[in-house]
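This briefing concerns the fold of one protein chain. Please consult the sequence and the coordinates shown here alongside the notes.

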Amino acid sequence: MSSPQLTLYASPSPADEVKRLSLKDKEQKSDWYLKLNPNGRLPTLIDHSKEDFVIWESSAILLYIAQHFDTEHKISYDPINEPKLYSEQLQWIFFTHGGIAPIAHFMRLAPESIPYAIKRFRDESIRLISVLEERLKDREWLVGPHYSLADIKTLLRGAKLLDVDLNDYPNIQKWLERILARPKTDKGLNVPERVNLDGMVNRPLEEFRAYGTAVFGFKKVE
Ligand SMILES: N[C@@H](CCC(=O)N[C@@H](CS)C(=O)NCC(=O)O)C(=O)O
């Protein structure tokens with residue numbers, strides 16, 4: 001078997017070699033891993049074709065993959081020839097990276113229920129979801145005429161963890177269905193194992209916290 005070009009240390013994501021770390025055993029904080037990713041979190045990508053160049057932070061990884069592997073701009077926009085769409089794509093990536101992703105923790109994963117944090121983040125997540133819902137009115141994709149990094153980022157770090165009934169957000173619901181109907185997205189969600197977005201969205205909060213305890217090793221606080 002030929003050696004892989006890319007190695008990804010990850011929770012679920014596509015790459016030709018995927019290595020799982022045990023978050024529960026805090027492998028992401030081990031010395032060898034911190035030498036790759038000083039932030040001690042997943043994911044981290046290694047590009048073996050470029051002297052084992054290391055990329056960390058999920059959005060930087062997405063942009064790197066597009067820069068080197070999506071040269072026909074099928075799932076990204078070209079910074080030179082499509083500068084406005086490229087900028088819009090960045091805007092939505094940052095919107096999700098800075099806003100939606102951090103919220104998910106208190107909403108779905110925290111081992112104890114902290115009413116102030118939950119209210120604060122629930123209100124904010126509903127606000128952010130409303131921004132998405134409005135954006136998706138009369139358009140198929142978050143940016144421009146086709147599926148792009150903006151949709152990928154928001155699907156994976158946002159929609160799956162937010163504690164809302166998506167029936168209240170029909171534009172988001174239809175957008176999710178469009179994304180999940182893409183065969184390549186479907187394939188990617190199977191690596192290293194199937195991510196059940198529906199199951200995650202609909203799972204009761206208590207069950208999700210148990211998942212947080214099992215996967216991340218959070219201690220349950222009564
Ligand atoms: N800003 C980082 C956040 C990464 C992140 O929170 N990763 C989670 C898994 S999805 C993690 O590594 N959690 C374990 C920890 O925080 O120790 C990124 O987007 O890459």
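The structure is a predicted model, in which local features need pLDDT of at least 70, side-chain atom pairs count only at pLDDT 80 or more, and totals for chains, interfaces and linings use all residues. Residues are numbered from 1 along each chain as its sequence is written.

**Overall fold**

- The protein chain contains 9 helices and 4 strands, where helices (H or I, at least four residues) and strands (E, at least two) are DSSP runs numbered from the N terminus.
- Along the sequence, these elements follow the pattern β-β-α-β-β-α-α-α-α-α-α-α-α.
- Of the 222 residues, 27% count as buried; a residue is buried if 20 or more other C-beta atoms lie within 10 Å of its own, exposed if 12 or fewer, and partly exposed in between, with C-beta atoms placed from the backbone.
- Among contacts between residues at least 6 apart in sequence, 62% join residues at least 24 apart; a contact requires C-beta atoms, placed from the backbone, within 7 Å.

**Strand pairing**

- Strand S1 (residues 6–9) pairs with strand S3 (residues 44–47) in the antiparallel sense over 4 bridges, pairing being assigned if DSSP finds at least two bridges between two strands.
- Leu6 has Asp47 in S3 as its bridge partner.
- S3 also pairs with strand S4 (residues 53–56), in the antiparallel sense and over 4 bridges; here Val54 in S4 is the bridge partner of Ile46.
- S3 and S4 form a hairpin with 5 residues between them, and Glu51 in the turn has a positive phi of about 55 degrees.

**Helix H4**

- H4 (residues 115–135) has 21 residues and reaches 30 Å from its first C-alpha to its last, close to the 30 Å expected at 1.5 Å a residue; the expected span is 1.5 Å times one less than the number of residues.
- Its buried residues are Phe121, Ser125, Ile129 and Leu132.
- The face turned away from the buried side of H4 carries exposed residues, including Lys119, Asp123 and Arg127.

**Helix H6**

- In H6 (residues 170–180), the buried residues are Ile172, Trp175, Leu176 and Ile179.
- Seen down the axis of H6, the buried residues fall within an arc of 100 degrees, so they line one face of the helix.
- Pro170 and Glu177 are exposed on the other side of H6.

**Nonpolar cores**

- The largest nonpolar core has 24 residues, and those with the most contacts inside it are Val143, Leu149, Ala150 and Ile172; such a core is a set of buried Ala, Val, Leu, Ile, Met, Phe, Trp, Tyr and Cys residues joined through C-beta atoms within 7 Å.
- Helix H2 (58–69), helix H3 (83–109), H4, H5 and H6 each supply at least two residues of this core.
- Another core, of 7 residues, lies apart from the largest one, with Tyr9, Leu42, Leu45 and Ile55 among its members.

**Loop residue Asp138**

- Asp138 is found in the loop between H4 and helix H5 (149–159).
- Asp138 counts as exposed because it has 6 C-beta neighbours inside 10 Å.
- The C-alpha atoms of Asp138 and Asn171 are separated by 8.4 Å, although the two residues are 33 residues apart along the chain.

Definitions and conventions:
Contact = placed C-beta atoms within 7 Å. Arc of directions from axis to C-beta.
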